[in-house]
Amino acid sequence: MTRLLLIGPPGAGKGTQAVRLAESYLIPAISTGDIFRSNVRNETELGTKAKSYMDAGDNVPDSLTNALIRDRLAEADCESGFLLDGYPRTTDQVRELDEFLAGHGAELDVVIELVADPDVVVERLRKRASEQARSDDDESVVRHRLEVYREQTAPLVGVYEGRGVLIKIDALGEIDDVTLRITEALASRGIALPDAATR
Ligand code: ADP
């Protein structure tokens with residue numbers, strides 16, 4: 001049972017690493033950003049409510065986000081653990097997640113912070129904007145998202161550091177190298193890759 005959280009500024013590569021780690025550790029990657037985007041695409045009630053916040057680069061209200069994640073974590077595939085990407089990103093969401101996990105006699109094993117220089121992430125997001133046409137990758141929105149991260153999410157790093165569950169990973173360089181840094185850091189915390197024979 002492995003419960004992980006990836007935290008870091010927009011453009012640090014959380015989504016990319018989340019998919020890889022989920023495959024390696026045989027746990028579902030749960031990205032609130034992806035869930036919101038698919039709701040927007042499918043024009044669900046949740047998507048309609050979330051869209052204006054996302055397009056502006058603001059956090060979707062906690063009331064919507066907390067309900068969504070509670071439902072998702074209650075699904076059967078999370079019994080073997082999970083990797084959270086993009087949640088929690090406010091102190092209220094931390095409280096909510098703590099409560100949910102405590103209700104299940106659980107807690108996060110490791111919080112992985114992807115550390116990246118703001119100039120580098122702005123450049124990465126500029127590239128992604130031209131490749132993927134995400135409506136929130138517009139340059140002024142990107143700057144606002146970084147600001148929201150700095151104000152609302154960055155303080156969470158200190159919270160998890162205080163709990164002794166934080167590992168800091170340099171997010172610069174090749175994607176494979178970053179993945180390797182994470183798996184090595186997890187191994188040093190006693191979280192090994194599942195046996196190759198069982199994969
Ligand atoms: P990034 O981390 O690169 O900004 P995400 O895909 O994680 O991108 O999130 C995109 C948008 O989805 C955010 O700007 C926000 O509007 C919304 N969102 C995602 N996760 C949350 C969350 N936990 N709480 C509130 N809003 C969220």
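The ligand takes up the space of the largest pocket. In this predicted model, local features need pLDDT of at least 70 and side-chain atom pairs count only at pLDDT 80 or more, while totals for chains, interfaces and linings use all residues. Residues are numbered from 1 along each chain as its sequence is written, and side-chain values use heavy atoms, with hydrogens and water left out.

View 1. Let us start with the space itself: a pocket is an open set of points on a 1 Å grid over the protein atoms alone, where a 1.4 Å probe fits, with protein on both sides within 12 Å along at least five of seven lines. A molecule sits in a pocket if more than half of its atoms lie within 2 Å of the pocket's grid points.

**View 2. The shell around the ligand.** Surrounding the ligand are 19 residues, and the closest are T32, D58, V60, G86 and Q93 (a residue is near if one of its heavy atoms lies within 4 Å). Helix 2 (residues 32-41) gives the largest share of this shell, four residues; helices (H or I, at least four residues) and strands (E, at least two) are DSSP runs, numbered from the N terminus. By class, the shell has eight charged, six polar and five nonpolar residues. Here Asp, Glu, Lys and Arg count as charged, Ala, Val, Leu, Ile, Met, Phe, Trp, Tyr, Cys and Pro as nonpolar, and the others, Gly among them, as polar.

View 3. Look for pairs of N or O atoms within 3.5 Å. A polar backbone atom of D58 is 2.6 Å from an oxygen atom of the ligand. The side chain of R37 has an N or O atom 2.9 Å from a ligand oxygen, and for the side chain of R145 the distance from an N or O atom to a ligand oxygen is 2.9 Å. Taken alone, the ligand exposes 540 Å², of which the protein buries 96% (Shrake-Rupley method, 1.4 Å probe).

View 4. Y87 and P88 are joined by a cis peptide bond, with omega about 0°. P88 lies in the loop between strand 3 (81-85) and helix 5 (91-103).

View 5. Most residues other than glycine have a negative phi. L26, not a glycine, has a positive phi of about 60°, and its place is the loop between helix 1 (14-25) and strand 2 (29-31). Phi of E43 is also positive, near 50°, in the loop between helix 2 and helix 3 (45-56).

How values were computed. Polar contact = N/O pair within 3.5 Å; in protein donor to acceptor, adjacent residues only side chain to side chain. 1 Å grid on protein atoms, 1.4 Å probe; cavity = no way out; pocket = protein on both sides within 12 Å on 5 of 7 lines; lining within 4 Å.
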